[in-house]
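Please read them with the structure open.

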Amino acid sequence: MPPTTSDLFASTASRDTSLSPLAERLRPNSIDEIVGQERLIGSGRALRRLLERQELPSLILWGPPGCGKTTLARVLAKHINAELESLSAVMSGVKELRAVVERATERRQYHRLRTVLFVDEIHRFNKAQQDALLPHVELGLVTLIGATTENPSFEVIAALLSRCKVFVLEPLAQDDIIPLLVRALTDFERGLGKHNISASQDILELIAQGADGDARRALNTIEVAVDLAVQAKVTTLTTELIEEAAQQKTILYDKAGEQHYNVVSAFIKSMRGSDPDAAVYWLTRMLEANEDPRFILRRMVILASEDIGNADPMALNVAVNALQAFEFIGLPEGVLPMTQAATYLACAPKSNAVIAAYGSAKADVQKHGALTVPLKLRNAPTKLMKNIGYGDGYKYPHAFDGNYVKEEYLPEELVGQIYYKPSNQGLERDINKRLEQLRNARGYRKNRNPKDKS
């Protein structure tokens, strides 16, 4: 006799959760109990329409911690009457995956039941583990629901990603979290209702604000706060109890993941956009999250040339000096030259003429290849080189009035091409005027096509 499903696979909903954390006990049992994510599961939305047709393709749920990825996976499996298997990519490997596949095969063969495989933190699976999962998803033996806090485009192999629909979950809004907190305080069966502890709207908003869109963090905070209130024999939550329960909030910042790139991007764009206040905020966010200060300083050195350049040549000096100063004094005082550099770069006049010049020149190098260096520009250290014309006709600028002489220095095919186009910001305004005079003396026109010989 084949084993029965009920013997082998106990439903998650049937387990005793009386000793579980509050966040686990209050997990929604149906899609209508889920708060937030209206863009996905609201009336008429994509995921809701699939469920109404009893369809569930393989999914990747991408969103920040505490936004409901695990809860949604459980509810989806229950909605289509499928057995849910859960794996943590951190704790599991190919061995555990094979066991799931064996059970899924038995379910299909003996009971004609679907299996939903939920893989938490699927971005932690390496390529070999994802490859092992792929054929079972492709054949439909398991319906995969992967949860990730990282961009799946970077962390999930293309073959697996192409077989899944990606749904993006947003952090929960404060207005979504507050009803959860009310439910936690008033629910006698699964929540904290038996303690008869109340909380004002201001306190609920304080907890929701401190949660940063993470429902789990909010519920953990209120659970500890209620426990503290019971010990103190008070019946109302106070600001002091909430602060004690929450302790110091951990800043969301994964140095190996997308949050890292998001915050760095915001920092760079703030300096480029001449907003020193935003630049200091994002700088502080990174430092408080223990980002490597040298990484931040290197980014500032790059910005000094890429976004400021000759509009204010001192910007590069300031950025490099900040890097050197940090190496000399380290933390914590090293944050001071870093902040000085960030504010200076943000306030400096901006120009991208340097990177634009390099990009234009690079395009011509790639287009035309290694063009011949004109003979007059070649060095002639030997008699033979002089005899064949190396350096012949070169005009030494310092031998002429004003240390300038009309001359062509580009290969013949590119004569007249203009790469460096200074802005009218800062020092580049003066550079622009001088260059215009020099280029006019050589007969150049702005944006001249080098093929135009007229």
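1. Ground rules. This is a predicted model, in which local features need pLDDT of at least 70 and side-chain atom pairs count only at pLDDT 80 or more, while totals for chains, interfaces and linings use all residues. Residues are numbered from 1 along each chain as its sequence is written, and side-chain values use heavy atoms, with hydrogens and water left out.

2. Cysteines. How many disulfides does a search of the whole structure find? The search returns zero; a disulfide here is a pair of cysteine sulfur atoms within 2.5 Å. For C67, the closest cysteine sulfur is that of C164, and at 17 Å it is too far for a bond. C67 is buried at 3% relative accessibility. C164 is also buried, at 10%. The cut-offs are under 20% relative accessible area for buried, over 50% for exposed and partly exposed in between, with a 1.4 Å probe and protein chains only.

3. Helix α5. Why is helix α5 (residues 69–79) described as largely enclosed by the rest of the structure? Because eight of its eleven residues are buried. These are K69, T70, T71, L72, A73, V75, L76 and A77. The cover over them includes helices α3 (38–41) and α4 (46–52). It also includes strands β1 (59–62), β2 (83–88), β3 (115–120) and β4 (143–148). Helices (H or I, at least four residues) and strands (E, at least two) are DSSP runs, numbered from the N terminus.

4. I80 sits in the loop between α5 and β2. I80 is buried, with a relative accessible area of 7%. Not counting residues up to four places away in sequence, I80 touches L51, Q54, L56, R114 and V116; contact means heavy atoms within 4.5 Å. I80 and D176 are 96 residues apart in sequence, and their C-alpha atoms are 26 Å apart. Just after α5, N81 takes a positive phi of about 60°.

5. The α16/α17 pair. Two packed helices are described by the angle between their axes and the distance between the axes. For α16 (residues 293–308) and α17 (residues 314–329), the axes come within 8 Å and cross at roughly 170°. The two helices are therefore roughly antiparallel. From α16, the contact is made by P293, R294, L297, M300, V301, A304, S305 and I308. From α17, the contact uses A315, L316, A319, V320, A322, L323, F326 and E327. The contact residues divide into 13 nonpolar, one polar and two charged.

6. Conventions for point 5. Axes are lines fitted to C-alpha atoms, for helices over the stretch in contact, and angles run from 0 to 180 degrees between N-to-C directions. Under 35 degrees is roughly parallel, over 145 roughly antiparallel, 65 to 115 roughly perpendicular and the rest oblique. Ala, Val, Leu, Ile, Met, Phe, Trp, Tyr, Cys and Pro count as nonpolar, Asp, Glu, Lys and Arg as charged, and the others, Gly among them, as polar.

7. Most residues other than glycine have a negative phi, and most peptide bonds are trans. Check N196, which is not a glycine but has a positive phi of about 55°. N196 lies in the loop between α10 and α11 (201–210) and is exposed at 55% relative accessibility. K233 is not a glycine either, yet has a positive phi of about 60°. K233 lies in the loop between α12 and α13 (239–246) and is exposed at 78%. A cis peptide bond joins L331 and P332, with omega about 5°. P332 is in the loop between α17 and α18 (335–347).

8. Q417. Is Q417 buried or exposed? Q417 is buried, with a relative accessible area of 18%. Q417 belongs to the loop between α20 (383–387) and α21 (428–441). The Q417 side chain makes a polar contact with the side chain of D364, at 3.2 Å. A polar contact is a pair of N or O atoms within 3.5 Å; within protein, one must be able to donate a hydrogen and the other to accept it, and residues adjacent in sequence count only if both atoms are side-chain atoms.

9. T221. Helix α12 (residues 215–232) holds T221. T221 is buried at 11% relative accessibility. Leaving aside neighbours within four places in sequence, T221 is in contact with I207, I242, A245 and A246.
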